[in-house]
Amino acid sequence: MAATIGRLTGLVSATLILTACTAYDDVESASTPAPAPEAAAPMQSVQINPEIWPKLERAPLDPAVEARIDAIMAQMTLEQKVGQTIQADSASVTPAQVKQYRLGSVLSGGNSAPGPLPYADAQTWLAAADEHWAASVDPEGVDIAIPIIWGIDAVHGHTNLLGATVFPHNVGLGAARDPDLIERIMSATASELIVSGHDWTFAPTLAVPRDDRWGRGYEGFSETPDVVMSYSDRIVNGLQGAYGSDDFMSSGKILAAAKHFIADGGTDGGRDQGDASISEEELRDIHAMGYLPALDAQVQTVMVSFSSWQGIKMTGNKALITDVLKDRMGFNGFVVSDWNAHGQIPGCSNTDCPQAFNAGIDMFMAPDSWQGLYYSTLAHAKSGRITQERLDDAVRRILRVKLNYGIFDKAKPSARPGAGNTDLLSSDAHRSLAREAVRKSLVLLKNNGNILPLSGGQRVLVVGDGADSIAKASGGWTLSWQGGTHTNDEFPGGTSILEGIRQVVEADGGTVIFDEAGTGDHQADVVIAVYGEDAYAEFQGDRPHLDFEDGAYDTGLLAGYRAKGMPVVSIFLSGRPMWVNPEINASDAFVAAWLPGSEGSGVADLLFRTDPSYDFTGTLTFSWPKRADQATLNVGTEGYDPLFAYGYGMRYSDQRTLAALSEVSGVDASAGQSGEVFFAGGQVANPWSFYGVVGGTDTRLNSTSWDGGDLVFSGTDRLAQEDSVRIDWNAVGPYIRLSTHDAVDFSRQANGAMEVALFVKNFGDAPAVIDLAMGCHVVEDCQPVRIEVASPEWQEVRVSLSCFTDRGIDMSRLTDGLIVTTRTPASIGLSDIRLEPDTDATKTCGI
């Protein structure tokens with residue numbers, strides 16, 4: 001395999017990759033097999049040609065394992081078989097239900113740790129794992145009890161476990177270009193997962209992000225498949241152990257999941273859960289390549305993507321899941337879907353989707369929909385819509401993975417070797433490894449005058465909101481799903497970048513001044529500014545362009561430091577390359593630090609060269625844009641014109657002076673509006689419009705001053721003059737509506753824990769009750785959420801989008817974004833209406 005992988009690296013053209021693919025096996029000329037007739041066959045309107053895809057030799061099955069599967073399945077009821085195909089989220093299932101339904105797996109989403117927080121300590125995790133495991137192996141009422149496997153997203157360390165090591169995100173690890181490092185990180189991660197009783201991580205992400213606007217881009221290693229290919233088998237080896245060795249699935253190893261099959265990094269516009277309208281050849285030659293080494297390494301599970309290819313949801317794409325992945329590529333493990341992704345298939349819902357199962361999904365990730373899905377799947381298995389053969393194949397695959405993992409022979413989670421051993425968490429060895437990873441991931445983009453490395457014995461001014469925030473330096477999927485809201489106290493095994501700098505400087509007799517806002521009147525020998533993107537995960541990080549414009553620190557201050565004679569070193573934290581020309585111009589040195597995690601000392605190591613052997617070695621695996629509109633800037637593509645090319649990265653000794661860069665971003669400030677802001681600053685945001693409806697007559701409101709008699713609009717103040725609207729209902733019946741001519745698609749937002757957020761205020765003498773509704777044009781058709789507005793002070797109100805989907809509202813083609821009405825005469829204020837992430841993952845549906 002190593003020789004084959006060697007022939008597949010360094011690929012940038014589809015022709016070269018296709019030629020290399022044939023190294024796996026000769027391309028066959030057989031025609032695509034016709035699907036067997038079935039009542040719930042997935043819809044397939046785009047031809048897939050499995051014979052042109054790489055063919056992998058299927059690993060031989062262990063006769064002893066297969067015989068044991070036969071013996072287990074012979075004792076299972078139909079209900080047990082269906083239960084094995086269902087995975088529930090730990091926040092939505094009890095141990096008693098695990099036993100009752102004989103579920104195959106439990107997962108914990110990014111905010112679903114046991115207890116009140118989105119993360120938990122080892123003992124809390126273990127107690128929950130023991131309870132669910134004990135329920136699954138309770139033999140009462142069955143001839144054979146099958147242990148569950150517990151999964152979690154440990155994508156850059158086990159970051160839902162208090163005290164665990166937080167490694168750099170993949171975007172930085174790609175820049176390290178070090179497969180050995182990757183394998184060591186994954187081995188350390190596996191050992192920390194064992195501490196909390198977990199069996200399975202939903203990693204590695206093998207996406208090849210081709211559009212840097214994508215909010216999950218930092219989960220990818222590179223814009224080209226070669227780096228991904230060099231890493232994917234080593235990641236699997238680190239997590240599972242090397243296939244064929246005594247280390248495979250040994251103590252201290254856990255199950256891996258190659259994800260998200262396939263082309264989640266190739267969607268149009270970098271839209272998360274979107275559509276990759278690319279050719280089959282590009283699908284294969286760019287987006288499939290990273291899976292081949294992982295499959296050769298016998299990754300035990302593959303997770304299918306939310307996204308679509310050529311308009312077909314991957315979760316329902318039988319040709320790619322069954323004909324290509326399972327048959328052509330010889331995958332023997334089981335296929336799991338993503339978080340309620342089956343519900344996005346046309347004709348399906350979260351609680352009913354035989355189409356996904358018949359396409360080849362073996363285990364449904366049905367976090368909060370699992371119970372309804374269990375019953376509908378059982379009904380389809382009884383009716384024949386899901387054949388006995390398909391169900392048995394799925395169960396066989398799940399049992400094969402469980403037997404390979406040895407779950408039947410393991411003790412309860414807390415009694416396994418390494419369980420509860422918190423000495424492993426952020427151990428000296430793991431912290432040293434993370435620190436090494438930080439050093440290797442940093443990319444030096446500018447070093448005018450060779451200002452780096454710095455001397456420690458200086459007066460150093462540190463500014464920026466990223467300096468003393470481990471959470472910001474770690475990004476999303478850190479302690480919580482979206483990350484970013486946590487204090488340094490919540491990282492007991494971590495070191496902020498500021499603390500790393502302070503340790504070096506003070507040890508050398510220097511002085512550190514920390515001014516986060518950077519507005520103080522200080523004099524120093526050098527300024528280190530640490531700033532960048534605020535934390536995000538999944539589609540909540542999707543952007544309209546690459547112009548850096550967020551973060552609490554005002555980067556306009558950088559030029560002022562230099563004007564006072566203080567050179568500036570910028571440490572830029574981001575999950576992607578961004579247009580930061582003004583910041584680069586205002587800096588003498590500029591370091592792309594990506595999302596380095598919990599070992600800020602690794603940044604200080606290179607700023608101050610704390611060891612003579614240290615140097616910047618990281619190189620770009622994502623091309624750096626010259627303009628903010630270069631989101632699809634990928635090496636080897638037509639018109640390639642980067643600021644810093646793929647593979648760029650300076651060393652201390654490089655004698656390069658970067659001239660002043662253009663500060664024309666190339667994007668319109670209003671470009672790419674997503675519709676997620678309805679009303680802000682006293683203005684209705686594009687593409688929305690306010691309508692006042694009185695007596696069945698719609699009036700489009702061009703300002704916030706309108707008298708409709710029974711309904712009156714007027715401007716009012718919250719933070720600035722007339723940045724809000726006051727609405728007076730003088731009678732019952734009128735309402736206001738926010739609508740758009742062109743439909744917007746909020747299906748991703750509804751599935752991704754977002755809320756309608758707005759500020760409200762009561763101008764009346766008595767508390768007011770208002771009704772909020774979405775997706776209805778006239779108030780009589782609405783199924784509203786009721787909100788009480790009692791306070792004379794501005795207060796924020798949030799309503800989960802899922803509250804409206806639960807009422808049957810189709811969020812995929814929304815023209816009527818919001819209706820507001822009352823049941824009694826009232827006077828209220830509205831301000832700042834928008835969609836926001838649900839930061840505490842609590843579902844709020846009014847009173």
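Cysteine 348 and cysteine 353 are joined by a disulfide, with an S to S distance of 2.2 Å; the term here means a pair of cysteine sulfur atoms within 2.5 Å. The model is a predicted one, where local features need pLDDT of at least 70 and side-chain atom pairs count only at pLDDT 80 or more, while totals for chains, interfaces and linings use all residues. Residues are numbered from 1 along each chain as its sequence is written, and side-chain values use heavy atoms, with hydrogens and water left out.

Back to that bond. The torsion about the S-S bond of cysteine 348 and cysteine 353 is about 65°, so this disulfide is right-handed. Both cysteine 348 and cysteine 353 are buried, where buried means under 20% relative accessible area, exposed means over 50%, and partly exposed is in between, with a 1.4 Å probe and protein chains only.

How many disulfides does the structure hold? Three. Counting bonded cysteines along the chain, the pattern is 1-2, 3-4, 5-6.

Cysteine 776 is bonded to cysteine 782, with the sulfur atoms 2.0 Å apart. The S-S torsion of cysteine 776 and cysteine 782 is about 95°, so that disulfide is right-handed. Cysteine 776 has 5% relative accessibility and so counts as buried; cysteine 782, at 14%, counts as buried.

Then there is cysteine 803 with cysteine 845, sulfur atoms 1.9 Å apart. The torsion about the S-S bond of cysteine 803 and cysteine 845 is about -90°, so this disulfide is left-handed. Cysteine 803 sits in helix α23 (residues 801-805) and cysteine 845 in the segment after β31 (826-837), so the pair ties together parts that are 42 residues apart in sequence. Helices (H or I, at least four residues) and strands (E, at least two) are DSSP runs, numbered from the N terminus. Buried or partly exposed: which is cysteine 845? At 26% relative accessibility, cysteine 845 counts as partly exposed, whereas cysteine 803, at 0%, counts as buried.

Now the sheet. Six strands form an open sheet with mixed pairing, in the order β12-β17-β16-β15-β13-β14; two strands pair if DSSP finds at least two bridges between them. The edges are β12 (443-447) and β14 (511-515), each with a single partner strand, so one side of each has no neighbour in the sheet.

Within the sheet, β15 (residues 526-532) and β16 (residues 568-573) pair in the parallel sense over six bridges. Isoleucine 528 stands opposite valine 569 in β16.
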